[in-house]
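Student: I'm new to this one and would like a walk through it. Could we go step by step?

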Amino acid sequence: MRPLFKFHGGVHPATHKAESTRTPIAQAPIPSKLVIPLHQHVGNRAVPVVQVGERVLKGQIIGKPEGRLSSAVHASTSGTVNAIDMQLVAHHSGLPDLCVTLIPDGKDEWIAHSGVDYRQTEHTDLRHLLRQAGVVGLGGAVFPSDMKSYSHKHKIKTLVLNGAECEPYITCDDMLMRERAADILRGAEVLRELLYAEEVLVGIEDNKPEAIAAMQQAVLDDKHAHMEVIAVPTLYPGGGAKQLIRVLTGIEVAAGVRSTEMGVQCFNVATAYCVWRAITFGEPLLSRIVTVTGNVEHAQNFEVLLGTPVDELVALAGSKPDTDRHIMGGPMMGVDLPSGSVGVTKATNCIIESSPKLFPPPPPALPCIRCTRCADVCPAELQPQDLYWYAKAKDFGKTQEFHLFDCIECGACAYVCPSQIPLVQYYRFAKSEIWQREREAQAADLARERHEYRLMRIEREKQEKAERLAQKEKAALAAKAASPAPAVNPEPALVNAAADPDDTLQMRIDAAVARAKAQAATAQPKNVNTLTPQQQAEIAEIEARRAKIREMAAHAGADDEPPKSN
Amino acid sequence: MWSSPFITQPSSVSQIMLRVLLALIPGIALYVWYFGPAILVSIALASVTALATEAVMLKLRQRPLGPFLSDNSALLTAWLLALSIPALAPWWLVVVGTAFAIAISKHLYGGLGNNPFNPAMIGYAVLIISFPVHMTHWITPHGMGGIELSFGEQLNYIFDGVLPDGLKLDAVTMATPLDTLKTQLHLGLSVNDIRDMPIYGYLAGKGSELVAIGFAIGGLYLLSIRIISWHLPVAFLASLFATAGVFHLVDPAHYVTPLFHWFSGAAMLGAFFILTDPVTSPTTAKGKLIFAAGAGLLTYLIRVFGGFPDGMAFATLLMNICVPLIDAWTQPKVFGKKGDSK
């Protein structure tokens with residue numbers, strides 16, 4: 001038995017996983033339309049490369065990766081591009097983003113594709129294949145996998161494969177491991193190659209015995225060396241990458257530190273599966289397993305084409321009429337979707353149909369009594385009661401002193417709070433305020449620098465002008481000295497001015513032109529007006545999210561007491 | 001839009017406070033057994049006063065009555081204060097103390113969760129400073145062979161200040177075991193002589209030592225259901241024991257045993273119910289140890305060298321003052337940053 005380590009805190013919410021694991025993964029039918037966002041990953045949004053009205057094939061790239069950190073987006077089935085426009089997307093901002101709307105033709109006709117043998121292929125090419133196949137982290141972080149499979153900077157000892165799936169209700173990884181263990185581990189082998197890792201540790205919470213057995217069997221069947229499937233204790237948030245790394249290796253990866261710096265890299269099991277499909281069969285990431293559960297007739301896992309509208313997906317499981325919202329993800333960290341029309345993305349691991357009965361709104365919050373139950377369960381070992389206190393007081397400097405940015409927003413603190421304070425909302429509020437202030441400070445710094453530079457330039461130009469004038473005088477004097485001198489020597493400056501009035505005027509005009517030119521040259525690149533549309537969109541998105549969080553915080557009782565009853 | 005987490009554990013402040021109240025019951029039962037039902041009258045009086053004061057203050061502060069009156073925190077303050085003052089006290093003593101605790105030391109500081117000082121201990125401090133004589137008449141325990149008042153006679157005294165004909169208050173009350181010890185030591189008696197007096201039992205005062213054990217049992221219940229953490233009671237009792245032990249070892253004739261201090265006065269009540277008030281104690285584990293150890297030391301010093309019969313209340317209040325500082329100094333290292341020098 002491998003010795004396991006513990007992380008601080010954690011909670012044991014009711015798992016509700018049995019509901020959706022009774023039947024195997026079902027293939028969701030091709031929906032009436034697909035709404036495929038071009039920004040389904042961390043990094044730059046993919047750039048659309050198709051036209052409205054164009055027929056596309058299954059697996060055809062419709063958005064190409066832009067810049068170093070980006071990933072491709074594909075047509076999930078064959079059909080016609082109906083629109084490329086801003087639509088609501090499944091994202092916590094609740095804001096619209098650029099999407100390709102595809103009307104499937106029902107033929108599901110593949111584009112020509114073929115795989116490679118990863119052993120015979122250069123690592124650079126493998127990474128390029130992953131990028132072109134749109135493979136990103138499917139655990140929810142959606143970080144492009146090609147960017148995570150480098151090992152040139154740090155020696156990677158351990159590749160952790162995350163099958164913990166600690167959030168209640170979600171069972172997509174569980175079912176994937178039960179049904180497709182072999183391909184997951186083959187994908188892990190590819191990643192191990194890319195990272196030159198010595199060992200692969202697969203961490204699965206011990207409430208998934210079937211998945212553990214299937215994965216262990218697959219290790220034996222394929223004779224994977226350096227690979228071990230390990231049951232870890234069921235404890236939320238044990239599936240957080242940092243928590244799982246801690247449990248399996250004892251290494252604590254601090255906030256702001258990359259795990260690779262400490263010799264560990266972590267991938268989700270579903271990501272490993274997609275890596276295998278992409279490399280060996282040339283199949284890009286077109287679909288994923290989604291758990292549909294909660295207020296439904298029969299909770300189940302579906303293999304869903306990316307872009308499938310959530311409404312059409314939940315209908316397959318028989319969403320009940322009193323459903324009032326769709327939650328993407330689990331009940332601890334999930335996102336309340338802005339609409340049922342949004343398309344399933346690479347980050348959509350679970351849709352929980354929510355009703356007031358299933359997730360009743362919390363009672364009004366009482367004041368904090370400093371009972372420190374939150375600190376007892378915080379996996380980041382923070383003092384949530386102090387963070388709350390300072391966030392409420394808008395003392396953002398103090399929140400940073402108390403390590404606000406080490407908070408992983410797992411929600412364990414709010415889960416146990418006897419005063420029912422929506423703690424995580426306060427932390428999100430404080431974080432967004434701090435980001436905003438930093439942006440403002442940066443803008444102010446830029447403006448100050450520009451201003452100082454301008455003053456400096458004006459000063460320099462004055463000096464240059466004065467020097468030029470002085471030289472002219474000298475020259476004039478020298479000329480006078482050379483020529484037969486008159487009896488009385490008049491004041492030199494006067495002579496100069498009288499001698500050539502046009503010259504100084506021209507000089508002034510030249511200086512003004514030069515000044516204007518210099519100003520244009522220095523101001524232009526730094527100016528906020530020259531942001532790319534994407535940057536502007538990002539700023540707008542951040543702004544809107546802040547406004548939303550502020551509003552939520554206000555509703556959540558930003559006042560120190562609950563709303564008055566009368 | 002609603003934001004995560006969407007589920008919470010079914011726990012509430014009201015439930016926590018209710019469990020603490022329940023944990024007081026073994027101690028109260030033993031109290032009634034040895035000292036008669038007068039304490040129940042004080043508890044009831046204090047409870048009514050606390051709830052009424054709470055309601056008035058909430059109204060004045062324009063806060064909703066429902067959630068706050070049902071949080072049970074005012075009741076807890078009331079019970080702790082009633083248990084800290086003599087059961088056979090005139091009714092207005094209880095009312096004044098409780099009203100002060102709730103109105104001044106709780107609501108003027110911002111109500112639940114915002115008071116820096118333990119309200120019950122503030123109530124006690126106000127009473128012992130303002131009405132020291134009334135605070136020294138403790139009922140003589142049952143089984144001492146003295147005169148025992150019936151419940152009706154106790155009620156008569158509490159509400160009308162009238163005792164049965166020919167009976168003086170001194171005949172039915174006494175100073176506390178701690179107080180008696182101090183007085184007798186001043187008169188030149190040795191600890192051994194004093195301990196032979198009939199008011200003393202095996203560990204400390206007859207009757208009161210068992211009440212203390214009752215509170216300890218309640219405290220262990222709170223520990224077992226994790227409403228309180230072990231740091232506070234353990235550090236307090238250890239510190240009190242160690243301090244008393246050193247003095248006792250050096251001069252046993254003048255300094256009583258550590259066990260005597262444990263089971264006298266408010267030590268057990270304090271260790272498990274007063275210091276453990278989360279609002280007024282530190283939040284960090286290390287901070288709790290420092291806070292409670294300081295309270296143990298101060299309790300001993302005030303008991304032995306101070307002018308008051310017990311030291312628990314002032315020790316608690318003095319340590320309450322230090323809480324923000326203790327918290328600031330004892331911030332633990334966070335995940336992944338334990339190796340850092342800072």
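This is a predicted model: local features need pLDDT of at least 70, side-chain atom pairs count only at pLDDT 80 or more; totals for chains, interfaces and linings use all residues.

Student: At about what angle does helix H4 of chain A run to S11(A)?

Tutor: Axes are lines fitted to C-alpha atoms, for helices over the stretch in contact, and angles run from 0 to 180 degrees between N-to-C directions. Contact between two residues is counted if their C-beta atoms, placed from the backbone, lie within 7 Å. Helix H4 (residues 209-221) lies across S10 and S11 of chain A, and its angle to S11(A) is about 165 degrees.

Student: In what order do the 4 strands of that open sheet of chain A come?

Tutor: Two strands pair if DSSP finds at least two bridges between them. The edge strands, each pairing on one side only, are strand S11 (227-232) and S12 of chain A. The pairing in the sheet is parallel, and the order is S11-S10-S9-S12.

Student: Which residue in S11(A) is the bridge partner of Gly203(A)?

Tutor: In S11(A), the partner of Gly203(A) is Ile230(A).

Student: Why is helix H6 of chain A largely enclosed by the rest of the structure?

Tutor: A residue is buried if 20 or more other C-beta atoms lie within 10 Å of its own, exposed if 12 or fewer, and partly exposed in between, with C-beta atoms placed from the backbone. The buried residues of H6(A), among them Tyr273(A) and Trp276(A), pack against elements including helix H3 (172-195) and strand S9 (158-162) of chain A. H6(A) is largely enclosed because its buried residues number 11 of the 13.

Student: How far does H6(A) reach from its first C-alpha to its last?

Tutor: The expected span of a helix is 1.5 Å times one less than its number of residues. H6(A) covers residues 269-281, and its reach is close to the expected value, at 18 Å.

Student: Is Val136(A) buried or exposed?

Tutor: Val136(A) lies in the loop between H1 and H2 of chain A. Not counting residues up to four places away in sequence, Val136(A) touches residues including His41(A), Ser71(A) and Lys346(A). Its C-alpha is 7.5 Å from that of Ser71(A), 65 residues apart along the chain. With 30 C-beta neighbours inside 10 Å, Val136(A) counts as buried.

Student: How many residues does chain A bring to the contact with chain B?

Tutor: On the side of chain B, helix H1 (13-23) and helix H4 (65-69) each supply at least two residues. Chain B brings 32 residues, and the number from chain A is 51.

Student: How far apart do the C-alpha centres of domain 1 and domain 3 of chain A lie?

Tutor: Domain bounds come from an automatic or database domain assignment. Domain 1 is 123-283 and domain 3 is 363-478 + 504-518 + 544-566. The distance between their C-alpha centres is 37 Å.

Definitions and conventions. Residues are numbered from 1 along each chain as its sequence is written. Chains are lettered from A and ligands numbered from 1 in the order in which they are written.
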